[in-house]
Amino acid sequence: MPLAPAAQKSFTKWLAMIAENDFRDLPSIIAADAIFRSPVGLKPYPGRDLVCLLLSTAAGVFEDFKYHREFLDGENAALEFSAHIGDVELKAVHLIRFNAAGEFVEIEKLVRPAEGVKALGNAMAALIGPQVKALRAAA
């Protein structure tokens with residue numbers, strides 16, 4: 001089953017943002033109550049501002065990012081990708097759930113191998129660690 005029309009519109013915008021490495025319009029496809037589930041920690045990261053910060057920063061951390069396969073179904077998408085962080089190669093999946101308005105309401109990132117998870121966590125902490133803590137505390 002293809003994505004619902006509203007979800008397809010946001011999905012198309014997401015792919016364009018990835019291709020152009022331009023995330024200025026990201027808040028327009030992220031729900032106010034969205035949550036991000038990180039491969040680095042168990043607790044989800046709540047809220048549009050935090051989700052946008054995490055997604056846009058991660059996009060800058062990954063080098064040679066490339067989606068390979070898409071599994072789309074109604075209001076859900078699973079996107080397999082590869083990238084590297086420095087000399088650490090990784091494979092990963094974005095699991096995205098859309099709301100009825102087509103906004104991302106839940107995003108989960110799964111990464112392998114463990115070295116890739118560690119490299120991602122270290123890079124993200126170095127770039128936005130204090131901002132994430134502040135936004136999480138305010139949520």
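1. Basis. In this predicted model, local features need pLDDT of at least 70 and side-chain atom pairs count only at pLDDT 80 or more, while totals for chains, interfaces and linings use all residues. Residues are numbered from 1 along each chain as its sequence is written, and side-chain values use heavy atoms, with hydrogens and water left out.

2. Helix α3. Helices are DSSP runs of H or I with at least four residues, strands are runs of E with at least two, and both are numbered from the N terminus. Helix α3 covers residues 114-138, and its end C-alpha atoms span only 30 Å, whereas a straight helix of 25 residues would span 36 Å at 1.5 Å a residue. The expected span is 1.5 Å times one less than the number of residues. A kink of about 80° is found at I128, shortly before the proline P130; the bend at a residue is the angle between axes fitted to the seven residues ending there and the seven starting there.

3. The buried residues of α3 are G116, V117, A119, L120, G121, A123, M124, I128, G129 and V132. Buried stands for under 20% relative accessible area, exposed for over 50%, and partly exposed for values in between (1.4 Å probe, protein chains only). The cover over these residues includes α2 (48-61) and the strands β2 (45-46), β4 (76-85), β5 (88-98) and β6 (104-112), where contact means heavy atoms within 4.5 Å.

4. Helix α2. Ten of the 14 residues are buried, so α2 is mostly covered. Among them are L50, V51, C52 and L53.

5. Salt bridges. The whole structure holds six salt bridges, each defined as a side-chain nitrogen of Lys or Arg within 4 Å of a carboxyl oxygen of Asp or Glu. One joins D25 and K13, with the closest N and O atoms 2.9 Å apart. Because D25 lies in the loop between α1 (5-20) and β1 (30-37) and K13 in helix α1, this pair ties together parts twelve residues apart in sequence. D25 is partly exposed at 37% relative accessibility, and K13 is partly exposed at 30%. D22 and R24 also meet in a salt bridge, at 2.5 Å from N to O.

6. Salt-bridge network. R37, R97 and E106 are linked in a network of salt bridges. Within it, E106 pairs with R97 at 3.2 Å between the closest N and O atoms. E106 counts as buried at 18% relative accessibility, while R97 is partly exposed at 38%.

7. Largest pocket. The largest pocket holds about 280 Å³ of space. Of its 17 lining residues, V40, Y45, L54, M124 and A125 are the closest to its centre. The largest share of the lining, nine residues, comes from α3. A pocket is an open set of points on a 1 Å grid over the protein atoms alone where a 1.4 Å probe fits, with protein on both sides within 12 Å along at least five of seven lines; lining residues have an atom within 4 Å of a point. Points are joined across faces, edges and corners, and the volume is the space filled by probe spheres set on them.

8. Backbone exceptions. The peptide bond from R112 to P113 is cis, with omega near -5°, and P113 sits in the loop between β6 and α3. N21, not a glycine, has a positive phi of about 50° and is exposed at 52% relative accessibility.
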